[in-house]
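Welcome, and thanks for taking a look at this one. Here is a short briefing to read alongside the sequence and the 3D view.

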Amino acid sequence: MSPSVRLQEMIRVIRGARTQGEERGVIQRECAAIRAQFRQADNGGRSHNLAKLLYVHMLGYPAHFGQMECVRLIASPRYNEKRVGYLGAMMLLDEKQDASLLITNSIKNDLSHSSQYVQSLALCTLACMGSAEMCRDLAPEIDRLLRASNSYIKKKAALCAVHIVRKVPELGELFTPAARSLLSEKNHGVLHGAVILITELCERNPETLEQFRKVVPELVQIMKGLVMSGYSPEHNVAGISDPFLQVRILRLLRILGRNNDLASDAMNDLLAQVATNTDSSKTAGSAVLYETVLTVMDIKSESGLRVLAVNILGRFLLNNDRNIRYISMTSLQKIVQTDHNAVQRHRGTIVDCLKDQDASVKRRALELSLALVSAVNIRSLMKELLLFLSSCPPELRAHTASGIFNAAERYSPSQRWHIDTILHVLTTAGGDVRDETVPNLIQLITTATELHCYTVHKLYRALITDISQQSLVQVACWCIGEYGDLLLRGECEETEPVQVTEDDVLDALETVLQSHMSAAATRGFALTATMKLSTRITQNVDRIRSIVSIYGSCIDVELQQRAVEYNALFKKYDHMRAAVLERMPVIDKNSPGHTNGESTEGTIKERESIKLKQGEAVLIQEPTNQVCDLLDLLGGTDTLPQASPALSSTAPDSVNNSAGVGGDLLDLLGGLDLMNDKLDPAPAPSVMVYDKNGVTLKLQCDKPTGTGLTVTLTATNATDNDISGFSLQAAVPKSVQLQMKAPSGDALPARGSGQVTQTVLLNNPNKVSLKMRVRVSYSSQGSVFQDTVQIDSFPGPAWN
Amino acid sequence: MMHFLLLFSRQGKLRLQKWFTPLPDREKKKVIRDMTLMVLARPPRSCNFLQWRDLKIVYKRYASLYFCCGLEDQDNELLTLEVLHRYVELLDKYFGNVCELDIIFNFEKAYFILDEFLMEGEILETSKKAVGTSIEEADSQQETMEEYMSKPTY
């Protein structure tokens, strides 16, 4: 049959169309003609018509009306038509189409055809679009072909079997014996197919995996043959003999050697040989080396071999070819957890790759650099990462920023460095950071008490330079509001102080308030900061008053509400203003309401400055009556009763401001002061956690330090009999660390005349909700008692 | 295994598509669109590997055609570059100095050659000579006009 002229004519015509519309017209005409032809009787051109339709399909036009024609052509005795019919089936039919079932019979017949080329067509199509039912139907045929046919068919049958196993894993058992025998073939194509088939079988069935471990020596032999053989023209690629087969065998060895010492030992020599003898100047050699390295790292190889593998990866890192650098970093990423030190040695090169032009390489280098951060290299590595952040492609910025934050949080050498780093990130990439950054940074700043002066100076400078980065502006406003007095004092140890006047500061805040660039939340921050300054500055209070009253009619409801309330503070409740706006206590990361407290709800924040966060069951009995008056004055917020412990937990340096405030408040604040004294030295309340058979266990928490907590357990015995051998065991959630000190004793005298105390130190670095299970065991009157009690809540001023 | 193999021109016109996993038509169109956009946007001397969804994408440009395939996680990217190169060599041997027009006007032959080289997303035959021979022999099976008309119709 001469080459399909009619097909080429049509293609020429379609390509000649100058516009999309013209092309559509041509194609519609052609499709109509094709449809008409399909309906006609056989005229010797059926395969051409289907081929035309397939071309049209590739351009993206609908061609489903050709499906039945495919079925017809496949059943034709003519090879031309079968060939195009099968091609059509692979392109137009997939397992979801109903018509695909119609060709099952044809395929079955063709699998036993006398011509191997027809057989191969059927095998190819089955492997391409065979559904599960078709696979089940035809599996025995494939198995037969795997055993008794020539190499040409065997290799195709092997891959067809692979398809069947992937579609219907249970049929794997059917192919296992045939697969085993195929390994002794000499033909590379068949061998390759057999290796793939065995790989699939082993991946899906652990028993088969066990079975095939026995063939490791055979595979090693084959591999050795390939590596040591001389030049073979048929299989040679750039000096490597059949790299495709080599890579496949290495992959199979990887699966067989994983978690198995015996198999791994058997392949150690071979892997060393391949690693040293393979020439990696061309891609083919590098591909084989790459696969070898992956295999070495995945099996139980000896340490010398692992070192060799990591060195190969290191060599790849220095390669000029970008592709090789890329895959080297991909592999290093996989092993950075297990062989951390080995990878650390290459840190310099990896960091250099951050500066590569290519986006893929940059991404890999970033991932790897973040994985390599440790306490030792944090300073130098962070410099590189910050440099990278300023020039990195936009799609990587968010990831880089959050990676830097994580690293800084884990390994920062000092608080000042930590704050500096976060500020640097906010100035470079403020738009790409996550929302929690602002509250996290604020929390960090409050804990670094000695750095308040330094921080506020730095932030002020950043604010007057640029007000477009919202996160930075929000933090800066908050700091200026809180520590404005430190800023105005004009002296600072850590950094060159800025000489500002009150007007300058208020100007800066007003700019933020009025700028179009500021988001609504940012303006809220700025307004609250302005308000806070009213107690920290001396001269321009009137200016603040006017700003606040202007915003009382702002369109933004949030700002309006704030302004109105601040106005009220100025007018009606001026005597309370100082107390309301005093310094915030140190925010502890432990508190569950932590993020609530950091919300941009400025008004609530003010209230929270004199109250504890919600959700904390604080036992405050005394202050309630005294605080009631406060309650009325501020319009009845129900969160107020939890006022005092917050004050008591830190040294509020501006409680003294209240001295000058109106007389009626003096008592209240004095009362609060009293409560300060009362609560602090008072022993923490102890809670009864266990009371059975006369044995009681009380729990008492002492003041926590950071993430640590001291719990004291006290046991008493109210029965008439002495108890001996009293012991406590405790268990806590996984991330919490527990240290039990020695108990005071193990004997509990009767009738509560003595007690046993035991101190338990807890460290909760991840701030998970703390639970503890305590097992009590003792012997009384000759019998042993054991009991368990779970403690879900810890009382007392535990979680400020 | 390879999930798909696409050939497209610098203008984004598809010249060949081979799918080794069953996908609905809509999904196929989406993949083609994504691949075309991603690969054509790459600067000239960049790395040939990309990450897309959970697949590794390997692409290589030969003259005016881009060869692009999607791989699974355990597949060897460097070897896939060799696979693409081998396919180009096979086309070159068959058509004699192959160019894009050859593949456009003889797309069905390009598919036949591909089917002798790759199957089920894996390499079928590792010897260049063997693939060439089987194509020739299969072509010789194609009937002449007389043989064609003498065979019974179906």
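In which loop of chain A is A:Glu302 found? A:Glu302 lies in the loop between α17 (283-298) and α18 (303-317) of chain A. Keep in mind as you browse that this is a predicted model.

- A:Glu302 belongs to a negative surface patch.

**Where the two chains meet**
- On the chain B side, 62 residues are in contact with 79 residues of chain A.
- Together, chain B and chain A bury about 6,600 Å² between them.
- Of that buried area, 56% is on carbon and sulfur atoms.
- Eight salt bridges are counted between chain B and chain A.
- B:Glu116 and A:Lys156 form a salt bridge, and their closest N and O atoms are 3.2 Å apart.

**Chain B by itself**
- You will find six helices and seven strands in chain B.
- Following the sequence of chain B, their pattern reads β-β-α-β-β-β-α-α-α-β-β-α-α.
- Taken along the principal axes, the C-alpha atoms of chain B fill a box of roughly 55 × 35 × 30 Å.

Conventions. Residues numbered from 1 in each chain as written. Chains lettered and ligands numbered in written order. Predicted model: local features only at pLDDT ≥ 70, side-chain atom pairs only at ≥ 80, totals over all residues. Heavy atoms only, no water. Patch = residues over 30% accessible without salt bridge, like charges linked within 9 Å, V, L, I, M, F, W, Y side chains within 5 Å. Areas by Shrake-Rupley, 256 points an atom, 1.4 Å probe, with all protein chains shown as cover. Salt bridge = Lys/Arg side-chain N within 4 Å of Asp/Glu carboxyl O. Lys, Arg positive; Asp, Glu negative; His and termini not counted. Charge placed at Lys NZ, Arg CZ, Asp CG, Glu CD. Helix = DSSP H or I, 4+ residues; strand = E, 2+ residues; numbered from the N terminus. Contact = heavy atoms within 4.5 Å. Buried area = accessible area lost by both parts, 1.4 Å probe.
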